[in-house]
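Please look over the sequence and the model below before reading on.

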Amino acid sequence: MRTTQALIVGFAVLAAGIADGERPNIVFLMSDDQSTYTMGCYGNPDVKTPNLDRLGGEGMIFDNHYVTTAICMASRATAMTGMYEYKTGCNFDHGHMLVKTWKKSYPMLLREAGYQTAFAGKFGFDLVNEPDGKKLPLPAGDFDKWGGGPGQTHYETARNKSMAAYAKDYPHSTLSYGAFGRDFIREAAKSEKPFCLSVSFKAPHKPATPDPKFDAVYKGKTFKKPENYGRKNGEHFSKQSKQDRQYERFESWNYSDKYDEVMATYHQQIHAIDVAVGMIREALEEQKVADNTVIIYTSDNGFFCGSHGYGSKVLPYEESSRVPLIIFDPRHPNSGRKLRTDALTGNIDFAPTMLKLAGLPVPKNMDGDDLMKLYGDPMAAIHDSIALINVWGKSPTHTMAVVTKDRKYIHWGYANDGFEVTEELYLLGKDPLELTNQAGNPEASPVMEQMRKVYDSHLARWKAEAVPYHNYQPYGTIFDRTIDWDERAPLLRKRGRAK
């Protein structure tokens, strides 16, 4: 089977006229729970991220990049496959990824096409042969070099089995992943074959465990709070959004009373990632492959960090769902021009982009597009709208939203137990901090009607394309705003019993 697939992919590369020496190497770097206001190049003067800032200055910074599901398992599955969650069938509370889906992921397709591949860090999901099948071991054998781990992995390098060899020199995992990337690049550069390195940092995921090597970086530092900080700036958010841990963690995680202390720890973890990125870039230069290596840096989801009086992630608001994205292609004439784009992009775009970079066709099942179109023309567009999904956690917080370049519509459908169906509309072009819900504003009625139609079109895709397992089909009705809640509620109960 694999031989047949390899031949098919190989013919595709030949048809595209791209030789190994012309295909770029790819480095895909992903942090965990990193908000956009953690980097200097995203406008925060309080932080120290020199390597990431340099990467942004040499490449392109994306200002409207969203994760379609703001929680790690589903987000990582989407990044790997280029598909919305309801097509990967993969998230906490739902189920693991099927092997047949994994075989269509970017690491598998690139390796079939002759790339050397490596993965290190938090893999993020498990594989099964059938929807209710037994969980399989992580796919270490599907990569040429493996440093991945199950679950959330550990900050102590020694506890990560595949990374234990780095524990002596790099006892904290963040720099160990930089060393892993450095060593893979040194090995891969000896070959004539291109390589794809994927590193998934655990940082800055809770529990906050910074590398003590960098304790002095933010010692005694105070940080400017975002303008939408605090509970008073979240009073207009739906009652549904306040029903899970995202709301209480504003206080339990001390954003309410120890903001500077919490943020110093958070930023210290990201500073260590910045150093690891520097290690990887230094290895590319050392091995003389930097000029033919495309680097992509992003996060699996954002983080509230006290904005609107919330902590954590998951919900489809900006701090949770909009994340950093930097791409640097040294081969491109636009590089070095400190370019930015405000085009709408999403994590559904990573897999298609990497396949296109390798000269491979993009499978029709993928929902994303090629980000490099924007690298060539920052004023272009590749999406009119993107769906933002949450079907994790407590039922009231389950929602689907849609976002365009300058607007966002959120439908909170849960109406049991004293809740009412709620709509939120934000004009992001004028209100990027989501401080004013325009849903009840008569002057915004035309925009509301337009965004409802956008929402309905995305829900129609959900109904037509959702996998027939792991309880994704019922949400095609549960999220249908045109159906009375009394008709939708029984499906929610059936879904709960099935789970």
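What follows is a walk through the fold, its helices and its aromatic contacts.

This is a predicted model, in which local features need pLDDT of at least 70 and side-chain atom pairs count only at pLDDT 80 or more, while totals for chains, interfaces and linings use all residues. Residues are numbered from 1 along each chain as its sequence is written, and side-chain values use heavy atoms, with hydrogens and water left out.

The protein chain has 15 helices and 14 strands, where helices (H or I, at least four residues) and strands (E, at least two) are DSSP runs numbered from the N terminus. Its radius of gyration is 22 Å, close to the 23 Å that the globule rule gives for 499 residues, so the chain is as compact as a globular protein of that length; the radius is taken over C-alpha atoms, and the rule is 2.2 Å times the number of residues to the power 0.38. The C-alpha trace spans about 65 × 55 × 45 Å along its principal axes. Of the 499 residues, 62% count as buried, a term that means under 20% relative accessible area, with exposed over 50% and partly exposed in between (1.4 Å probe, protein chains only). Among contacts (heavy atoms within 4.5 Å) with a separation of 6 or more, 72% are between residues 24 or more positions apart.

Of the 16 residues of α7, 14 are buried. Helix α9 has 28 residues and reaches 40 Å from its first C-alpha to its last, close to the 40 Å expected. Since 21 of the 28 residues of α9 are buried, this helix is largely enclosed by the rest of the structure. After α9 comes Lys288, whose phi is positive, near 60°.

Ala489, in helix α15 (residues 485-498), counts as buried at 4% relative accessibility.

Where do aromatic rings meet? A search of the whole structure finds 34 aromatic pairs. The rings of Trp102 and Phe123 have centres 5.4 Å apart and planes at 75°, so this pair is edge-to-face; rings of Phe, Tyr and Trp (its six-membered ring) pair if their centres lie within 6.5 Å, and planes under 30 degrees apart count as stacked, over 60 as edge-to-face and the rest as tilted. The pair links distant parts of the chain, with Trp102 in helix α5 (residues 99-102) and Phe123 in the loop between β4 (116-122) and β5 (127-128), 21 residues apart. Both Trp102 and Phe123 are buried.

Tyr229 and Tyr259 also form an edge-to-face pair, at 5.4 Å centre to centre and 75° between the planes. Tyr229 lies in the loop between β7 (195-200) and α8 (245-252), and Tyr259 in helix α9 (residues 259-286), 30 residues apart. Tyr229 counts as buried at 11% relative accessibility, and Tyr259 is buried at 6%.

Phe237, Tyr247, Phe304, Tyr310, Tyr317, Trp412 and Tyr426 form one aromatic cluster. Over the face of Tyr247 lies Arg231, at 3.7 Å from the ring centre; a charge sits over a ring if NZ of Lys or CZ of Arg is within 6 Å of the ring centre and within 35 degrees of the ring normal.

Key. Expected span 1.5 Å × (residues − 1).
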